[in-house]
Amino acid sequence: MNSHQQAALIIVGHGSTTNPDSSAPTHLHADSIRRRGLFREVACCFWKEEPNMREVYEMVDSEVIYIVPNFISEGYFCQQVIPRELRLDGPTTQRDGKTIHYCDPVGIHPNMTRLLIQRADEVAPHVPRDQTSLVIVGHGTSLNENSTKAIQDQVALIRGGHYGFAEVIDTYMEEAPFVKDWATLTTAPNVVVVPFFIADGLHSFQDIPVLLGMREDVGAALSESGVFHQNPHQLQGRQIYYSGAIGTEPLMADVILDQVHDFDAKHQVQNKKGMPNDEVKSSLAYWLNSGLDEIGEIVITTNPDGTYSLCHIADRGKADLQIHHEAHDALFIARNDASGTFRPLHSAPTLNRGWRLDLTDLDELRLALDFFYPAAIGMARALEQEKLTAVPLRDLLGRQTGMYRFVNTISDDQAHALIGKTCANTKCLRRILWPLTATQPMAGAAAAKTQPNHAPNAMPLLCIEACTHVVSAARKVARENHEANAAKSAV
């Protein structure tokens with residue numbers, strides 16, 4: 001078995017701009033692996049949250065990088081989106097002196113079977129398996145046949161493994177066999193339902209319970225009603241035991257590691273010895289010694305004993321603050337604003353106040369800052385070394401697919417106005433480094449965002465590529481253009 005103590009692990013999740021539960025399991029699994037010390041660096045990135053896939057490389061120094069998609073199936077995201085966004089050209093990519101290994105998604109690993117069995121036993125303890133139907137629920141889609149293959153493979157493995165269940169079936173929300181037909185698809189008096197999703201969200205909290213008949217309609221209170229803790233549910237003369245999403249199982253961290261080890265075996269990867277590269281950490285230490293003690297809305301205090309304390313700039317010098325001691329606490333401090341609203345954009349000027357984070361060393365400090373402002377330290381260092389490459393807006397919009405494939409049809413004036421509004425300092429503290437095109441700079445309201453905007457004693461917050469909020473805003477403008485043109489054509 002290879003040692004990975006000189007390598008980095010990047011776990012890729014979907015994320016959400018509205019639901020913090022979407023990224024929570026990915027962060028928790030990363031923290032579990034990080035605490036084991038198996039990799040030199042462990043980071044996360046997301047499609048719909050920060051850090052995004054183009055920034056995450058600035059968060060790791062290691063010459064060898066393993067990428068594991070925390071996705072259920074080998075569908076659209078794993079086959080198209082992730083390779084495109086992470087600039088991968090196969091199982092192994094050589095770029096900029098780095099060796100990048102792209103592993104299979106967690107959901108297709110055979111060891112998922114063990115997690116499903118364990119989850120079924122946990123949700124229905126002491127219920128005889130031979131009197132229990134196990135129902136595994138997926139989303140289902142006609143867009144990619146691989147979206148159901150992972151579940152079908154698990155059903156086959158459990159059936160073939162003779163685990164003693166009365167029956168094991170796969171069902172889906174949007175294609176047959178439908179989960180809403182569970183009563184006719186199963187025969188046992190006890191039915192255990194396990195959502196085959198990475199995270200709990202609208203599907204597991206609301207949609208599936210409604211389809212099962214636990215609720216008559218979708219209501220906002222369902223996610224607050226403890227739907228996973230009211231087992232069993234009496235429905236149609238049967239007892240239903242409903243589980244949380246399989247991706248929330250703590251042992252998923254082991255499946256992530258299994259995919260790394262399986263990649264090494266499949267591709268005959270040999271240990272690559274090298275000197276640890278601590279350039280990002282060294283730059284951070286240099287900046288602190290040079291008097292740079294702020295970043296975004298955070299002030300960093302270097303204590304006489306070599307430890308560090310962080311707090312909101314507006315709380316500098318205050319004593320009545322809630323004290324935290326773990327770098328991982330930064331993730332939760334930064335999650336919501338003062339009103340409790342989720343902050344999907346970490347560089348929004350809405351960081352909560354009233355806390356202080358005490359950290360023991362520079363490693364902990366760097367990790368905490370990456371939770372507060374993902375990739376900020378790495379990007380600042382790369383800019384200083386003239387190694388940071390920004391992606392023009394037109395290039396980003398031009399590579400979008402699916403429902404975003406028309407976003408590049410917006411005009412230049414619309415693009416400039418959109419950036420000026422969406423990226424205003426009242427919404428985001430980052431400085432934009434990307435132009436409209438490789439030869440055309442930003443203009444109008446957008447031009448102001450390309451100028452340095454941080455204090456002399458602050459480390460900069462930089463943006464090397466437009467975020468998902470910009471893409472969504474461009475889609476709205478493109479759709480309005482289309483509707484307006486259609487209305488004109490109809491006259």
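This is a predicted model: local features need pLDDT of at least 70, side-chain atom pairs count only at pLDDT 80 or more; totals for chains, interfaces and linings use all residues.
A search of the whole structure finds two cavities of 30 Å³ or more. On a 1 Å grid over the protein atoms alone, a cavity is a set of points where a 1.4 Å probe fits but cannot get out, whereas a pocket is an open set with protein on both sides within 12 Å along at least five of seven lines; lining residues have an atom within 4 Å of a point. Grid points are joined across faces, edges and corners, and a volume is the space filled by probe spheres set on the points.

Residues are numbered from 1 along each chain as its sequence is written, and side-chain values use heavy atoms, with hydrogens and water left out.

The second largest cavity holds about 30 Å³ of space. Its lining consists of Ser347, Tyr373, Pro374, Ala376, Met379, Arg430, Leu461 and Leu462. By class, six of these lining residues are nonpolar, one is polar and one is charged. Here Ala, Val, Leu, Ile, Met, Phe, Trp, Tyr, Cys and Pro count as nonpolar, Asp, Glu, Lys and Arg as charged, and the others, Gly among them, as polar.

I turn to the largest pocket, which has a volume of about 1600 Å³. It is lined by 43 residues, and the closest to its centre are His14, Phe71, Phe77, His139 and His203. Helix H2 (76–85), helix H4 (146–160) and helix H6 are the elements that give two or more residues to this lining. Which of the elements gives the most? That is H2, with five residues. The lining of the largest pocket comprises 15 nonpolar, 24 polar and four charged residues.

A word on the elements: helices (H or I, at least four residues) and strands (E, at least two) are DSSP runs, numbered from the N terminus. Two strands pair if DSSP finds at least two bridges between them.

Axes are lines fitted to C-alpha atoms, for helices over the stretch in contact, and angles run from 0 to 180 degrees between N-to-C directions. Strand S1 (residues 7–13) and S2 run parallel and are joined by six bridges; Leu9 stands opposite Val42 in S2. Contact means heavy atoms within 4.5 Å.

Another open sheet is formed by five strands in the order S7-S6-S8-S10-S9, and its pairing is also mixed. Strand S7 (167–172) and strand S9 (233–235) each have a single partner strand, so one side of each is left without a neighbour in the sheet. Neighbouring strands of this sheet are turned by 30 degrees against each other on average, direction ignored. Strand S8 (residues 190–195) pairs with strand S10 (residues 238–242) in the parallel sense over four bridges, and Val193 has Tyr242 in S10 as its bridge partner. Helix H3 (residues 112–123) packs on the sheet, touching strand S6 (132–138), S8 and S10, with its direction at about 130 degrees to that of S8. Helix H6 (residues 202–212) lies across S6, S8, S9 and S10 and runs at about 165 degrees to S10.

There are also two hairpins to point out. The hairpin of S11 and S12 has two residues between the strands, and Gly296 takes a positive phi near 60 degrees. S12 and S13 form a hairpin with five residues between them, where Gly306 in the turn has a positive phi of about 90 degrees.

Most residues other than glycine have a negative phi, and most peptide bonds are trans. Asp96, a residue other than glycine, has a positive phi near 55 degrees; Asp96 is placed in the loop between S4 and strand S5 (98–102). The peptide bond from Glu50 to Pro51 is cis, with omega near -5 degrees, and Pro51 is found in the loop between S2 and S3. A cis peptide bond also joins Asn231 and Pro232, with omega about -5 degrees; Pro232 belongs to the loop between H6 and S9.
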